[in-house]
Amino acid sequence: EPTNEQQMLVDAIGRFAASDLRPAAQAADQSTSFPQDVTEKGWRLGLVQGSLPETLGGLGARSAVTSVLALEELCFGDLAGALAILTPSLLTTPLLLAGSENQKSAHLGAASRELRPAYTAAFIEYAFDFDPNDMRTIAHISGDAYVLSGEKALVPFAADAELMLVYAAFDGRTQGFIVPRTAAGLTVASEREQLLGLNALPLYRIVLKDVRVPIANRLGGAQGHDFSPILASMHIGSAAAALGLARAAFEYSRDYAMQREAFGMKIAQKQAVAFMLAEMRTEIEGIRLLTWEAAWKLDEGKSDASVAAYLAATGAADMAMMVTDRALQILGGHGYLRDHPIEMWMRNGRGIAMLTGLAIA
């Protein structure tokens, strides 16, 4: 069960999700951007700030379990809006997990302030066989710097970022490198990525051509870091995001079925619909337990935390697609109309499988 403090945070995020995120979501999907006042208000809820050390203005209580609870609730409001609000955590969380003390003091202070810092991360690569542990973006040492070369896809807010954490292969290991947006050789595509879903989240392709990064900018310092806890946090974040999206689709279709009448009875009373709703709820609850367990294992430093996180993420991707598809079926022709958010949730649900690297717990 969540602690009292965790429940208070979830309740606060739930109110924001219901009163701010959900009402703005469909218009944002069609206009391809969330209102800045909504994302700034979401940032001021303090989800990221609460995980920062007290010396940097935070509460010093980072917890993957708390992040999972909060991320599900935020994505219950809207997936793209939640990812937009939490984009800075793509840099701050890896810093908390693996950054050197100098890196933390240099870059985490900005995240404790009221205004959202212009931080992002470049993780995903366009490749059919993309493997986070075998990056095609390469880093090598040249004199007093690392030199990065490669191409990254789906980098949120890349055009407006001041700092980005770029993942690359170095000596057979995936490592993060803190790169200023203005670094020579780093180019952000002029046009945003055009996708089936997540339309309200600005995503860009970037190219790195012999980008020089000081030795001190390698995550963890010159000795580098263990990538596995970061990847596990990404998998857990992806699973939590899928839970929020799926729960939204389930509850919307359940309420619709309890109100909609056909042939003299509520369609929720029809066996085919009732069985679909039961299976949707069962899958959501099962993946939630997998996700909570993986987050707990990560917090406790269990040796199998990475395996648990991967299982939660892969299961969540299938679950989100199944739940949103069933929700559309329950609404029938109405589900295909933009008068209802189901079609948007189904499009966003299709993207859960590629979400690793866009959400982190």
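How many cavities of 30 Å³ or more does a search of the whole structure find? The search finds four. The model shown is predicted.

**View 1. The largest cavity and its centre.** The volume of the largest cavity is about 140 Å³. Its lining is made of 13 residues. Look for Leu47, Ser67, Ser89, Thr93 and Ile360, which are the closest to the centre.

**View 2. Helices around the largest cavity.** Two helices, α3 (64–77) and α5 (89–98), each give at least two residues to the lining. The largest share comes from α5, with four residues.

**View 3. Residue classes around the largest cavity.** Sort the lining residues of the largest cavity by class. Seven are nonpolar, five are polar and one is charged.

**View 4. The second largest cavity.** The second largest cavity has a volume of about 50 Å³. Its lining consists of Ile13, Gly42, Trp43, Leu45, Leu47, Val48, Gln49, Leu74, Ile85 and Leu86.

**View 5. Residue classes around the second largest cavity.** Here eight lining residues are nonpolar and two are polar.

**View 6. Leu47 in both linings.** Leu47 is among the residues closest to the centre of the largest cavity. Leu47 also lines the second largest cavity.

Methods
Residues are numbered from 1 along each chain as its sequence is written. This is a predicted model: local features need pLDDT of at least 70, side-chain atom pairs count only at pLDDT 80 or more; totals for chains, interfaces and linings use all residues. Side-chain values use heavy atoms; hydrogens and water are left out. On a 1 Å grid over the protein atoms alone, a cavity is a set of points where a 1.4 Å probe fits but cannot get out, and a pocket is an open set with protein on both sides within 12 Å along at least five of seven lines; lining residues have an atom within 4 Å of a point. Grid points are joined across faces, edges and corners, and a volume is the space filled by probe spheres set on the points. Ala, Val, Leu, Ile, Met, Phe, Trp, Tyr, Cys and Pro count as nonpolar, Asp, Glu, Lys and Arg as charged, and the others, Gly among them, as polar.
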